[in-house]
Every structure is written in C-alpha cells, then in structure tokens.
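Dear colleague,

Please find the structure below.

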Amino acid sequence: MTVHGRHAALPGQPKIPAVVALLVCALTVVLIAFTWPAVRSQPRDVPIVVAGSPEATRFVLMTLQLDVPGVFEPTVVSDRKAATTAIAGRDAYGAILIEPSGTEVLTASAASPAVAQLLSQLADRLGGTRGGPPQVTDVVPAPADDPRGGGLSAGAFPLLLGGIAGSLGLSRLLRSPAKRLAAGTAFCILGGLALTTVDQYWLGALTGEFWANAGVVALGIGSIVVTLLGLARLGGLRSFGLGAAFLLLVGNPLSGLASAPELLPAGWGAFGQLLPPGATGSALRSVAFFDGADAGRPLIVLGVWCVGGLALFSLGAFRQHLATRVRSSSAALPLGGEPARTTAQ
C-alpha cells in the first residue's frame, strides 16, 4: 500500500476539523463560565435591617419596594444596637437608621465592598428624601491595606489551582495510596500557612487570628485535594480531569468572592456556596473579619467535601483490591477454567 505524503493521518487518528471543533467548544465553555456570572450579576434579596420609628420604617420599606424592588430583603429591628449586632453576626450586610436628626446607613465593607457601595448609593436617595445629608458608617471595615477586598477575591483562584496541581502531582509521583494521603495532608497544612502568611502579613488582606485563618485555608485546600485524589483513585485520570474542570469552571466563578453570593444570577450564588471555593471564601470572611460569626455552615460544607473525598478514595482502594483478587483467582485456574485435580500417591 502506498502512502501519499509524509504527513498522512494514521488509522484512528482524530480528524483536524473534529479537533478544532472540540477546542472551540472548550474555549466557549471557559468563556461562558467566567463571564456569565459577571455580566448577569445584580443584587437580589440582599439582607439588610431597618430601624427607626414605625412611621420611618414604613417609609423606608415603601421606598425600597417602589424604587428598588427585589434588590433588598429588609428586616425591621428595634434600634441601632440591634442593627450593629445583626451586621456583626452576618445576618445582614448593612442597616438603614431613620432618626429625627437624619438618616444613617451602616455598611460592612469587610463582608462585601460591592454591597457597601450599593448601600452608600441608597443612602443618598433616602437622605435626600428625608431632608438632610446622609451619614454612612462602616461598622466592619475592610483592611486598610486592602479596602476593596481584592486580596481575598483574587486569592481564590491560586488556592483552587494549587489544590488541583498538588493533587495531580501527588497522584502521578506517589504510587502508594497511604503516602498520597500523608503527603496531601502535609501539603494542605503547609499551603494554608504559606498562603495565609502572604495574605495577612505581606498584602494585609486579612485580619484576625492568624492560626484560625490558616486553618480555614488549609481546610479549603484539603477539600479540593482529597476530593480529587479520591476521584483519581476511583476512576483514574479521566475522573480527575472532570472533577478539576468542574471545580475550575463552576466553583470558581460562582464563589461570590468578588462581590457577594446575592449578586450572582438567581440560585447560582447559593449553589456556589456548596462548592469548595465559595465555602472557603465565606468561612475565611467570617473568621478573619467577624470573629467567626456564621462560619459554621461553610466549614461544614468543606468538611463534607473532605469526608466525601476520603469515601471515594476508600471505594477506589476496595475496587482495586477486588480486581486484584479476581485476577489472582483467574491466574490460579488452568486453561480449562476448572481447578486442577491431585492424584493420591
């Protein structure tokens, strides 16, 4: 058989149009994953509290319903102390206080600089209608070295990418499953210490107790590493790749760290909080800026991912053990498939 040309395609080799089409589809998926949440982001049911006289609170609630319907989810509280307690407990992003002396809006830029800016804009409208310049007070401010929260939001991607790269390296370099888990644990602990040191002491993006912050970061890395190690043990490189792609293309854009979960497309913000990047960011905000308030839920999410990853790892070990026993049993049989009979001497 004569082969025309030095570059003739080998049998079974993918055709060029198919390869190009696959790459274009992958590029489109990446574009949608990272731009769709940003383009479609808008505030929806952002929890805030309102305090003042009955007449004043009715005025605020009516103004919110008519001027910005669906943007805020207000709850009436008794006074300023109750409002600050709700903000410090992460039950609300801010507060509107209507008093005889004027309007005061409480914000918490540490919870979300984007929502704090939104409340400041609302303060101008309410202040103008009540006859007097509004006073805006940031009761839980972002760190002075990082007032826009860029360090925390930008740090989500290196954390996720480091977890993916670390689990891939452990899967490829270490053949022993026990050594993979041991090295993975060490990687998560040291990685949490290293990333927290950079964010807190160099960039100034975090405040609060260093060891608590490092523990959250280590748990966030661990939820990614253990899950991917479990997928690799159970289903091989293909399962690992699918899990890594899901966390990268879905978990990172839906984390809400750049804005807030309530600003993402409806429903997707809540879903993003069930994935490691979003849960890590929420837990880290709570521990670093709010003395651990409302950190329980995201920490439970991260713990569930770690336990699930260990379950996948154990299931993969059991599957491998079962396959080894089947191969050993098959090798012990003669060609006819029946056990050999021994003749008494």
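What volume does the second largest pocket have? It has a volume of about 280 Å³. A pocket here is an open set of points on a 1 Å grid over the protein atoms alone, where a 1.4 Å probe fits, with protein on both sides within 12 Å along at least five of seven lines; lining residues have an atom within 4 Å of a point. A volume is the space filled by probe spheres set on the points, which are joined across faces, edges and corners.

This is a predicted model, in which local features need pLDDT of at least 70 and side-chain atom pairs count only at pLDDT 80 or more, while totals for chains, interfaces and linings use all residues. Residues are numbered from 1 along each chain as its sequence is written, and side-chain values use heavy atoms, with hydrogens and water left out.

Of the 15 residues lining the second largest pocket, the closest to its centre include Asn252 and Pro253. Helix α1 (16-39) gives the most to this lining, with three residues. Helices (H or I, at least four residues) and strands (E, at least two) are DSSP runs, numbered from the N terminus.

The largest pocket holds about 660 Å³ of space. Among the residues closest to its centre are Tyr93 and Arg297, and α10 gives the most to its lining, with four residues.

There is also an open sheet of five strands, in the order β2-β1-β3-β4-β5, with mixed pairing (two strands pair if DSSP finds at least two bridges between them). Strands β2 and β5 stand at the edges with a single partner each, so one side of each is left without a neighbour in the sheet.
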